[in-house]
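Hi there,

Here is the structure I promised to pass on. Have a look at it first, and my notes follow below.

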Amino acid sequence: MAFLGIKRDHYGYIFIAPFIIGFLLFGLYPVYNTLYLSFTDATLLSPNSINWVGLKNFSRLFADNTFMRAVGNTWLIWILNFIPQIGIAMLLSVWFTSTRLRIKAVGVWRAIFFLPNLLMPAAVAALFFSLFSFYGPVNQFLVRAGLLPEDMQFLQNKTVARGLVVFIQWWMWFGQTIIILMAGMTSISVSLYEAAMVDGATASQMFWRITVPLLKPILIYIFVTSLVGGMQMFDIPYLLTDGRGSPAGSIMTNNILMYLKFASSKGHIGAASSVGVLVFIMTSVVALGIFYFLREKD
Amino acid sequence: MFKNYTFQTNILRAVVYIVLFVLLIITIIPIWLLLVNATRSTVEIQQGISLFPSTHLIENYHLIVSKGLDMPRGFGNSLYVSLATTVLSVYFGMLTAYGIVVYDFPGKKLFNNFIVVLVMIPMQLSIIGFYQYMSRFGLTDTFAALILPSIASAGSVFFAKQYLESIVINELIDAGRIDGASELGIFHRIMFPLAMPGAVTMAIFAFVASWNNFFNAFILLSSIEKYTLPMLVQTLRGDVYRTEYGAIYLGLAITIFPIIIMYALLSRYIVNGLAMGAVKE
């Protein structure tokens with residue numbers, strides 16, 4: 001069955017060749033280039049003078065309060081969003097799959113809860129900016145309901161701004177988490193629960209002893225993908241206020257800082273690259289740590 | 001005792017429905033206010049909240065355009081980039097995955113593991129290097145820079161591989177070979193049509209991701225006539241439209257409306273595709 005002397009199984013190479021070429025050109029080389037640039041003083045203003053500066057970009061970042069604050073903000077916002085996201089999604093998934101409760105129209109509920117996840121984050125940020133602006137509907141509602149004495153500048157308040165980013169992230173992602181958790185739960189064999197019930201296990205015992213341990217791979221998946229996404233948060237904090245993490249740098253994230261360095265008047269792409277590289281290292285260490293930590297117990 | 005159990009279940013059920021209802025309101029209200037306010041005039045919006053549409057849709061649209069925002073062009077740009085990205089990532093995703101699933105070539109396992117690692121690599125590790133490299137070839141500010149990387153979309157390969165593993169039938173491939181079809185011909189004429197439901201799911205996710213992508217377009221594109229919708233959203237947020245609330249809401253509504261319609265029609269594919277991508281992990 002050979003054609004032009006190629007063994008049949010070697011046809012696999014023809015099928016994967018476009019991917020490999022595309023990856024080398026648009027994946028690997030840009031990653032290599034970013035790593036390289038992070039050790040240089042490259043700017044967009046003078047593209048032909050690129051000097052190797054060693055670890056200077058990195059040592060500068062560690063000495064820079066703005067960078068440390070951006071990292072701290074990104075972590076804080078992600079953690080505050082992730083806990084209710086997984087918590088509420090877990091609760092709803094248990095309810096939706098419960099044979100005791102037999103909730104009606106589960107498919108419709110979760111389809112609706114998932115909808116915000118598909119909306120353009122840029123538009124969602126701009127929407128919340130409008131809703132919470134000084135003359136926006138939230139002020140109108142709260143003042144008329146007597147909950148606020150007068151209109152408030154919500155987006156000039158650090159706590160409110162941060163809280164809003166957290167809320168929007170939660171709002172966009174809890175439905176997605178429900179779908180993934182439920183897919184995991186329905187793949188757990190019913191006979192395990194039946195056996196536990198025969199042995200007189202309570203609902204909470206079954207949840208902690210059967211559901212959670214068997215969901216571990218799914219939980220790791222949710223955790224890691226959410227972490228990787230959370231560390232790249234950009235659109236929502238960028239478009240919710242002035243694009244510089246205002247008020248008082250409270251919603252400045254890693255990627256906003258990277259963008260500001262890139263878009264600065266000289267275009268410091270060397271410094272911008274070093275932000276991307278450091279954040280990647282940080283994310284990988286934590287993600288691998290989670291894999292390792294959760295795997296060892298088995 | 002049994003009656004008591006039923007009673008408790010009913011109480012619990014009532015609590016669950018109340019929580020679901022509250023979450024439903026929280027989920028829907030912002031979107032509903034957006035769509036309603038897109039049809040209301042700035043004066044009406046300032047007067048108070050309404051949950052019912054008004055009659056100023058056309059007027060708001062004229063306001064957007066008269067202040068210099070070319071919404072139709074932005075829509076066209078977004079559609080072009082998203083469709084091209086979708087076609088490339090679905091076709092090449094399927095092609096690559098088929099190569100992995102059907103053939104047993106040396107290095108296959110390595111390549112397979114490699115794909116899993118690639119899915120995890122964040123865009124922030126490559127975007128600046130990508131920009132600088134594109135600028136050397138004069139390809140910044142072109143749609144090509146946004147579209148071509150989707151040839152090597154690791155996420156698509158990953159999904160396609162899981163899908164193909166469940167549907168590839170070796171007897172069918174052998175039958176094709178006996179009939180004299182070439183290996184690529186078998187993929188194009190026999191397997192790809194069979195894999196259509198999976199391809200549709202992949203296409204939806206690729207399209208939505210590209211349609212919503214702000215960061216890459218924001219870094220790469222600079223001329224206004226090339227702006228995609230998320231970039232026009234950023235313009236809408238600017239000073240020119242500061243007091244034109246109706247126009248702002250309408251502009252935002254235009255960017256999300258196609259996605260809502262698509263979701264209404266295809267939600268089954270989307271929800272199932274998402275669940276499938278995660279469980280076979």
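**A leucine at the chain boundary**

Leaving aside residues up to four places away in sequence, Leu252(B) touches Ala123(A), Ala126(A), Leu127(A), Leu34(B) and Val233(B); two residues are in contact here if their C-beta atoms, placed from the backbone, lie within 7 Å. Please keep in mind that this is a predicted model: local features need pLDDT of at least 70, side-chain atom pairs count only at pLDDT 80 or more, and totals for chains, interfaces and linings use all residues. Residues are numbered from 1 along each chain as its sequence is written, while chains are lettered from A and ligands numbered from 1 in the order in which they are written.

**The core and the interface**

Leu252(B) is also one of the residues with the most contacts inside the largest nonpolar core, which has 155 residues. Ala123(A), Val124(A), Ala125(A), Ala126(A) and Leu240(A) are the others named in that group. H7(A) gives the most to this core, with 16 residues. From chain B, the core draws at least three residues from each of domain 1 (2-63) and domain 2 (68-236). Some terms: a nonpolar core is a set of buried Ala, Val, Leu, Ile, Met, Phe, Trp, Tyr and Cys residues joined through C-beta atoms within 7 Å, and the domain bounds come from an automatic or database domain assignment. A residue is buried if 20 or more other C-beta atoms lie within 10 Å of its own, exposed if 12 or fewer, and partly exposed in between, with C-beta atoms placed from the backbone.

The contact between the chains takes 72 residues from chain A and 70 residues from chain B. On the chain A side, helix H1 (residues 11-37) gives the most, with 18 residues. That side divides into 53 nonpolar, 16 polar and 3 charged residues (Ala, Val, Leu, Ile, Met, Phe, Trp, Tyr, Cys and Pro count as nonpolar, Asp, Glu, Lys and Arg as charged, and the others, Gly among them, as polar).

**Chain A as a whole**

Chain A has 13 helices and 0 strands; these are DSSP runs numbered from the N terminus, with helices (H or I) of at least four residues and strands (E) of at least two. The radius of gyration of chain A is 24 Å, whereas a compact globule of 298 residues would have one near 19 Å (taken over C-alpha atoms, with the globule rule being 2.2 Å times the number of residues to the power 0.38). Its C-alpha trace spans about 80 × 75 × 40 Å along the principal axes. Buried residues make up 42% of the 298 residues. Of the contacts between residues at least 6 apart in sequence, 70% join residues at least 24 apart.

**Loops to look at**

The loop between helix H11 (235-240) and helix H12 (254-262) of chain A holds Pro247(A), and a cis peptide bond joins this proline to Ser246(A), with omega about 0 degrees. Ala248(A) is in that loop as well. Although not a glycine, Ala248(A) has a positive phi of about 50 degrees, and it is exposed, with 12 other C-beta atoms within 10 Å.

Ala105(A), between helix H3 (65-97) and helix H4 (106-118), has a positive phi too, near 55 degrees. Ala105(A) counts as exposed because it has 10 C-beta neighbours inside 10 Å.

Phe154(A) sits in the loop between helix H6 (137-144) and helix H7 (158-186), yet counts as buried, with 20 C-beta neighbours inside 10 Å. Beyond four places in sequence, Phe154(A) touches Phe132(A) and Val160(A).

Best wishes
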